[in-house]
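Let's take a walk through this structure together, beginning at the ligand and moving on to the protein core. Have the viewer ready as you read.

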Amino acid sequence: MDIHTRSVMPVHTPTPANSVAPPLYQTSVYAFEDIDEVDALLGGTRKGYSYTRGGNPNYDALARWLAQMEEVEAAVPTGSGTAALLAGILSLLPHPGRILVAREIYGGTAGISRRLLGRLGYRMEWIDTHDLVEVERAVTGDPAVLVAETISNPLGRVCPLDEIIPLAHAHGVPVLVDNTFATPFHARPAVWGADLVAHSLTKFIGGHSDLVLGMLAGSGARIADATALIDSGGLTPDPFAAWLALRGARTLSLRMERASQNALALARHLETLPAVRRVYYPGLASHPDADHAARLLSRGFGAIVSMSLQGGYEAVQAMVTRLKMVKFVPSLGDVSTTLSHPVVASHRELTAEEKVRVGIDPSVVRISVGIEGLADILADFTEALTTGV
Ligand SMILES: *Cc1c(COP(=O)(O)O)cnc(C)c1O
């Protein structure tokens, strides 16, 4: 079935009143007729809900939506994208070992690995996922989990997942893929064998900057294990956040289609402006991963465009104050176009040396392209980058 159709298919359990929209089950707990009923439910011989930390119909509807979009058996929501990454790593590598993270990984993933799991004896190792020899060396040896992203933040590096996942598996190393930037509209990492797929629904899937939520997707067995961790660790979301996320999710395909078309056109336009030193967008021929992007991504290249300005940090400051429509927002994935500054915001956690390795410096700006009329987005950037420079 077409992805636009899958995006909007009803996923909630039919209700007695036949409501088209899913009801919100804003409850912490459920009542029972007798003790046998509770016993059967907690013992796993009867389906149902007892306490919301362990399950809720709003979680299940959202999970069915993601599983259908990622083309996997199951999914489970978490209180944030960060909670999904934490539960995913712990589920794939239950005992202290090596967390092999792609060099361009989201700063928060490095934060989890170092500040949280580091205390428990886990060790983080950076790897260049574009260098297959280095990947092979890293996956050989002590127990490890490999954590990579489909499209990286902020420079849009596209990881050759179809090559590195089989390499990791050949050495018994499971792989967690953060698919937040690509969303299932552009990529489904399970197709290449990812053991778990993580998402921050705070971004494009939620799409309206009104919630914080995460999700894991994978096989039934993988998700059952992750769900047990999420329940015992209290990493579950609030039912209302899950309800809101599903409301946003159902327009994901339409939003991503439009936003990625706008992004490609904006990237091409920015490349023509003298104030711009370099544009980073995997849909441009000038991008180092243009080949991987063409091979791995479907229906476009995502909604994140980054650029480096000739005038460095001062030019970024000047542009931010001149932009009329586009706001500085230290996040991404809204329906409107926003921009952020990786060195000051998303990549703050990295050391100076790590920032150099990722390729970011104070002249780099990240744009999360929205679904506005293209001419208005182009005009706002053109004016902000040409007046008085
Ligand atoms: C934002 C983000 C996260 C973390 O998600 P939260 O919902 O903020 O916890 C993880 N991975 C990527 C790629 C992100 O952009």
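Predicted model: local features only at pLDDT ≥ 70, side-chain atom pairs only at ≥ 80, totals over all residues.

**From the ligand to the core**

Which side chains place an N or O atom 2.6 Å, 2.8 Å or 2.7 Å from an oxygen atom of the ligand? For Thr 82, the distance from its side-chain N or O atom to a ligand oxygen is 2.6 Å. The side chain of Lys 203 has an N or O atom 2.7 Å from an oxygen of the ligand, and for Ser 200 the corresponding distance is 2.8 Å. As for the ligand's surface, on its own it has 380 Å² of accessible area, and the protein covers 91% of that.

Now let's turn to the protein interior. In soluble globular proteins, nonpolar side chains tend to be buried together. Here the largest nonpolar core has 97 residues, and Trp 65, Leu 176 and Leu 216 are those with the most contacts inside it. Helix 3, residues 57-70, gives this core its largest share, eight residues. Domain 1 (35-249) and domain 2 (252-386) each contribute at least three residues to this core.

Technical notes. Residues numbered from 1 in each chain as written. Heavy atoms only, no water. Polar contact = N/O pair within 3.5 Å; in protein donor to acceptor, adjacent residues only side chain to side chain. Areas by Shrake-Rupley, 256 points an atom, 1.4 Å probe, with all protein chains shown as cover. Core = buried A, V, L, I, M, F, W, Y, C linked by side-chain atoms within 4.5 Å. Buried < 20%, exposed > 50% of the residue type's maximum accessible area, 1.4 Å probe, protein only. Helix = DSSP H or I, 4+ residues; strand = E, 2+ residues; numbered from the N terminus. Domains from an automatic or database assignment.
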